[in-house]
Each structure stands twice: as structure tokens, then as C-alpha cells.
Amino acid sequence: MNWIAKRPIVVSFEVTDSCTCWCKHCDHGGPRDDSRNLRPADYRRYMDALRPCVVQVSGGEPLMREDVVEIVRNIKSNTGLPYTILVSNWSLMNERLYGELRAAGVDQFSVSLDFPDRRHDDFRVHPGLYDHLCGLIPRLAAQGHDDIVLNTCITSENLEEIPAIADRAKEWGVNICFSSYSPRRTGCQEYFLNDPDQLDTLRWELERIDSRRDRTNWIVNAPTTLAATRRYFENAGTPGCKAGMRFLVVTSDGALQPCSMQFERYALEDRERMIREFTARNRCDQCYVSIRSYLDKSFPQLLWENVSGFLSVRR
Ligand SMILES: C[S@@+](CC[C@H](N)C(=O)[O-])C[C@H]1O[C@@H](n2cnc3c(N)ncnc32)[C@H](O)[C@@H]1O
Ligand code: SF4
Ligand code: SF4
């Protein structure tokens with residue numbers, strides 16, 4: 001229904017702009033003004049108006065919100081919808097909070113991991129983060145809920161680490177999802193894949209990832225998504241973005257934005273104007289982040305890839 005009614009399939013709530021890290025590839029980092037943040041109950045108004053099938057709770061670093069569990073409770077309806085993904089660096093995660101967030105309605109925990117070792121701390125400028133993840137993730141995965149997905153943003157820095165990061169996911173008993181660096185956030189071209197050797201390496205590594213698929217679906221990206229990731233780097237862009245219509249961002253203070261890297265702000269009531277003014281004219285092709293990689297597809301393809309995923313055999 002959302003597809004036909006041109007309502008968003010995915011809404012990403014950026015619940016704070018503050019962060020515990022200062023990642024080299026990102027425009028966030030450290031504390032920001034949180035005085036105008038939406039309160040947990042405010043999210044209900046957005047849910048009633050937008051009625052998305054999937055919600056991302058993101059930021060900045062969402063776990064910096066002391067009321068993050070309350071936010072999730074206000075997003076989740078008693079029908080079990082929307083499918084709710086917490087996108088976080090997990091620096092503040094612990095066993096108790098994991099349980100509370102699950103009980104409140106988080107269906108999937110997307111945990112950023114850029115390197116399979118302590119280079120993760122250097123890239124994220126957060127000493128001790130890798131050791132923290134290394135201790136916590138296998139322990140929580142052992143509870144058997146199969147709801148943790150490592151999220152690796154492919155950059156020129158970690159390209160060669162793709163197989164080792166996949167190994168780490170296997171070792172920790174969790175799933176893995178790859179996304180692509182966009183220079184649009186910071187303007188930095190250095191982390192993009194700029195030369196033919198890097199593109200050859202990418203092709204080779206993604207083929208190896210494809211060959212490691214099994215019936216547990218631990219590699220979350222569809223094969224078509226990995227192929228499109230390769231084309232995004234080869235062509236230095238992917239046209240046809242539906243930001244603002246198929247997905248959108250709600251900023252920490254409650255404005256609608258087409259995506260996290262386009263800063264045109266609209267009121268909740270002006271969503272259709274955003275589609276007319278932004279989506280209909282948008283020529284930006286500068287990212288292929290996960291939210292796009294799912295929603296650029298045709299409706300039958302989207303349905304098939306997601307429904308077949310739900311029917312997969314669990315570990
Ligand atoms: C903006 S962060 C917000 C949530 C949380 N702080 C985290 O790092 O998971 C969401 C995701 O965006 C990714 N990201 C940051 N900068 C990016 C860029 N320039 N291009 C693509 N992805 C980026 C991060 O690696 C992270 O996985
Ligand atoms: S990627 Fe996430 S953890 Fe890193 S600075 Fe950006 S918001 Fe913070
Ligand atoms: S391609 Fe789309 S989602 Fe990506 S930065 Fe441009 S407008 Fe935003």
C-alpha cells in the first residue's frame with residue numbers, strides 16, 4: 001500500500017546528532033546541541049502520518065539517548081510493525097540494554113564495523129571500541145535471537161579487509177551487510193575507490209563473498225545489491241535515487257529531509273511538497289548506502305528478495 005500511495009517504505013529517525021565517535025568518513029562526531037530533540041511521545045505523530053513498513057533508529061549515536069528504549073516503544077505498534085532496526089556503533093551497548101531494546105521492539109541490531117581488529121578504534125577515533133565489541137557481540141549472539149548484523153561501509157581503507165570482516169561475523173555468530181562509502185558526507189574523495197586496481201580488488205572480493213552464501217542468509221545483501229555496489233564504485237555514482245519518496249529522514253528536531261546527506265528541510269505536513277520539489281527533480285547519484293540499495297529496486301524484486309529472506313532456514 002505504501003508503494004502505491006507513494007508513502008515511504010523506510011523512515012530513518014536520527015534521534016540525536018551527538019556521537020561517541022569521530023569517524024573519519026562521517027560528518028558527525030562528538031557532542032552537538034540536543035536541546036531541540038524530539039521527545040519519545042513525539043514519534044507517534046510521525047508514525048501515524050508516515051506509516052512506514054521499516055524504521056531505522058539512527059543518529060549520530062542513538063544509544064546516547066537515555067530514553068532510546070522509550071523511543072522504540074513509541075515507534076512500535078502492537079501489530080509488530082514496523083520492522084525496527086537500531087543502527088549504532090554499540091560503544092554504549094550492554095547486555096541489559098540489548099534485552100530492553102529487544103523487548104521494546106527492535107527487530108534488528110545493525111552494528112558498524114569498519115575493521116576486523118583494533119584499526120576499527122583508529123578509524124572511529126574511539127579507543128577500546130573493538131575490544132568492547134569483541135567481548136560483547138559473541139556473548140549476545142549466543143542468546144540465539146539471530147538479530148545482530150555487522151554493517152561494514154566499504155572504503156579505500158578497508159577494501160582488503162572484506163574477507164576478514166566476514167570471517168569475524170562468522171566467528172562471532174552474527175550476520176554481515178556491506179554498504180558503500182559516499183564522498184557526499186564530508187567531501188573527502190580519498191576513501192572512495194578511485195583507481196582500476198581498487199576496482200579489481202572490489203570485484204574479486206565481492207565474488208568471494210557471493211561464493212560464501214549459504215542457506216542461513218548470514219550475508220544479508222542480496223546478490224543484486226552486491227552487483228549494484230560494484231557498479232556504483234565503477235561508475236562513481238548510481239542514478240535514479242528515490243530519496244524523499246521511498247525513504248526519508250526525520251531529523252533529531254523533527255524536520256523531514258530526503259536523506260541524511262541532503263539538507264532541505266520540510267514539515268511533516270509538507271511531505272508531498274518534498275516529493276514535488278526534491279524527489280521529482282533530484283539528479284543526485286552520490287551514494288549507494290543501504291537504504292537506497294533496498295529501495296531503488298522494482299516492487300516485484302523488492303518483494304521477492306525480502307519475502308524469500310523471511311522464508312530462509314535459520315541457523
Ligand atoms: C551515520 S551512522 C549513524 C549510526 C551510528 N552512529 C553508527 O555509526 O552506526 C550510520 C552508518 O553510516 C555509515 N557512514 C558514515 N559515513 C558514511 C559515508 N561517508 N558514506 C557511507 N556510509 C557512511 C556508518 O559507517 C554507519 O554504518
Ligand atoms: S559513523 Fe556513526 S559513529 Fe561514526 S561519527 Fe558518524 S554517526 Fe558517529
Ligand atoms: S543519491 Fe539519493 S540518498 Fe544518496 S545522497 Fe544523493 S539524494 Fe541522498
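# A walk through the predicted model

With a relative accessibility of 33%, Asn 217 counts as partly exposed. That value, like everything below, comes from a predicted model. Asn 217 belongs to the loop between helix 8 and helix 9, and its phi is near 60 degrees, a positive value in a residue other than glycine.

Two packed helices are described by the angle between their axes and the distance between the axes. Helix 8 covers residues 196–211 and helix 9 covers residues 223–235; they pack at an angle of about 175 degrees, and their axes are 10 Å apart. An angle over 145 degrees counts as roughly antiparallel, and that is why helix 8 is described as roughly antiparallel to helix 9. On the helix 8 side, the contact is made by Leu 199, Leu 202, Arg 203, Leu 206, Ile 209 and Asp 210. Facing them from helix 9 are Pro 223, Leu 226, Thr 229, Arg 230, Phe 233 and Glu 234. Sorted by class, this contact has 7 nonpolar, 4 charged and 1 polar residues.

Which of its residues are buried? They are Leu 97, Tyr 98, Leu 101 and Ala 104. An α-helix has 3.6 residues a turn, so residues three or four places apart point the same way. Looking down the axis of helix 4, you will find its buried residues within an arc of 130 degrees, so they line one face of the helix. Exposed residues Arg 96 and Ala 103 sit on the face turned away from that buried side. What do the buried residues of helix 4 pack against? Their partners are helix 3 (68–75), strand 3 (83–88), strand 4 (108–112), helix 6 (129–141) and strand 5 (148–154).

Setting aside neighbours within four places in sequence, Ile 148 is in contact with Trp 90, Tyr 98, Phe 109, Val 111, Ile 137, Leu 140, Ala 141, Val 174 and Asn 175. Tyr 98 in that list is one of the buried residues of helix 4. Ile 148 and Leu 86 are 62 residues apart along the chain, with 9.8 Å between their C-alpha atoms. Also in strand 5 is Thr 152, which is buried with a relative accessible area of 0%. Beyond residues up to four places away in sequence, Thr 152 touches Leu 113, Asn 158, Ile 165, Ile 176, Cys 177, Phe 178 and Ser 179.

Trp 90 lies in the loop between strand 3 and helix 4 and has a positive phi of about 65 degrees although it is not a glycine. Is Trp 90 buried or exposed? At 0% relative accessibility, Trp 90 counts as buried. The loop between helix 3 and strand 3 holds Pro 82, which is joined to Leu 81 by a cis peptide bond with omega about -5 degrees.

Two more residues can be picked out along the chain. Gln 56 is found in strand 2, residues 54–58, and is buried, with a relative accessible area of 16%. Its contacts, leaving aside neighbours within four places in sequence, are Val 10, Val 11, Ser 12, Phe 13, Ile 85, Val 87 and Ile 291. Arg 39, in the loop between strand 1 (10–14) and helix 2 (42–50), counts as exposed at 57% relative accessibility. The C-alpha atoms of Arg 39 and Asp 214 are separated by 42 Å, and the two residues are 175 apart along the chain.

Finally, let us visit two of the ligands. Ligand 2 is surrounded by Cys 19, Cys 21, Cys 23, His 25, Cys 26, His 28, Gly 60, Asn 89 and Arg 124. That shell divides into 4 nonpolar, 4 polar and 1 charged residues. Around ligand 3 are Arg 184, Cys 241, Phe 247, Cys 259, Met 261, Gln 262, Asn 282, Cys 284, Asp 285, Gln 286, Cys 287 and Arg 292. By class, the ligand 3 shell has 6 nonpolar, 3 polar and 3 charged residues.

Conventions. Residues are numbered from 1 along each chain as its sequence is written. Chains are lettered from A and ligands numbered from 1 in the order in which they are written. This is a predicted model: local features need pLDDT of at least 70, side-chain atom pairs count only at pLDDT 80 or more; totals for chains, interfaces and linings use all residues. Side-chain values use heavy atoms; hydrogens and water are left out. A residue is near a molecule or strand if one of its heavy atoms lies within 4 Å of it. Ala, Val, Leu, Ile, Met, Phe, Trp, Tyr, Cys and Pro count as nonpolar, Asp, Glu, Lys and Arg as charged, and the others, Gly among them, as polar. Axes are lines fitted to C-alpha atoms, for helices over the stretch in contact, and angles run from 0 to 180 degrees between N-to-C directions. Helices (H or I, at least four residues) and strands (E, at least two) are DSSP runs, numbered from the N terminus. Angles under 35 degrees count as roughly parallel, over 145 as roughly antiparallel, 65 to 115 as roughly perpendicular and the rest as oblique. Contact means heavy atoms within 4.5 Å. Buried means under 20% relative accessible area, exposed over 50%, partly exposed in between (1.4 Å probe, protein chains only). The arc is that of the directions from the helix axis to the C-beta atoms.
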